Amino acid sequence: MTDSRYDQGMAVRRSVLGDAHVDRAEAAKTDMDVAFQALITEGAWGTVWASDGIGQRERSMLTLALLAAMGNFEEIPMHIRATARTGASRTDVIEAFQHVAIYAGVPRANHALKLAKQTYAEMDAEAAASPASKT
């Protein structure tokens, strides 16, 4: 891939996940995973998420539904946090997980919903504790 695909991917990744998350991920990179991180940045973020075929709100909903349906629960909190930037509402997320329940199984949807509730509670607590919320 070209540097421009990587740069575009990094810009989209930062806009969806936030600078703090991406900075932590970049700081944790080692020789062992540098090529893998480039693949993700170019492929997932620079190609799929950068496409203008659908919006980021819909991509968030699809991503969360697919993660839950496939049982890839570790990344659900990260993508729940991303909804604050992509425009996917809590209702959107619930609707996505209801589809998971019907098409991929209630236990997976139930666990995903549990993770979403925990993450939203953390986000609410963080927002309440931030200096900006006290003005």
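Modeller: A residue is buried when its relative accessible area is under 20%, exposed when over 50% and partly exposed in between (1.4 Å probe, protein chains only). This is a predicted model, in which local features need pLDDT of at least 70, side-chain atom pairs count only at pLDDT 80 or more, and totals for chains, interfaces and linings use all residues. Residues are numbered from 1 along each chain as its sequence is written, and side-chain values use heavy atoms, without hydrogens and water.

Biologist: What percentage of the 135 residues in the chain is buried?

Modeller: The chain comprises 135 residues. By the cut-off of under 20%, the buried share is 33%.

Biologist: Which pattern does the chain follow along the sequence?

Modeller: Helices (H or I, at least four residues) and strands (E, at least two) are DSSP runs, numbered from the N terminus. The chain has 7 helices and 0 strands. Its pattern is α-α-α-α-α-α-α.

Biologist: At what angle do the axes of helix 4 and helix 5 cross?

Modeller: Axes are lines fitted to C-alpha atoms, for helices over the stretch in contact, and angles run from 0 to 180 degrees between N-to-C directions. The axes of helix 4 (residues 56-70) and helix 5 (residues 76-86) come within 10 Å, and they cross at roughly 170°.

Biologist: Which residues of helix 5 does helix 4 meet?

Modeller: Contact means heavy atoms within 4.5 Å. From helix 4, the residues involved are Gln56, Arg57, Ser60, Thr63, Leu64, Leu67 and Ala68. In helix 5 they meet Ile76, His79, Ile80, Thr83, Arg85 and Thr86.
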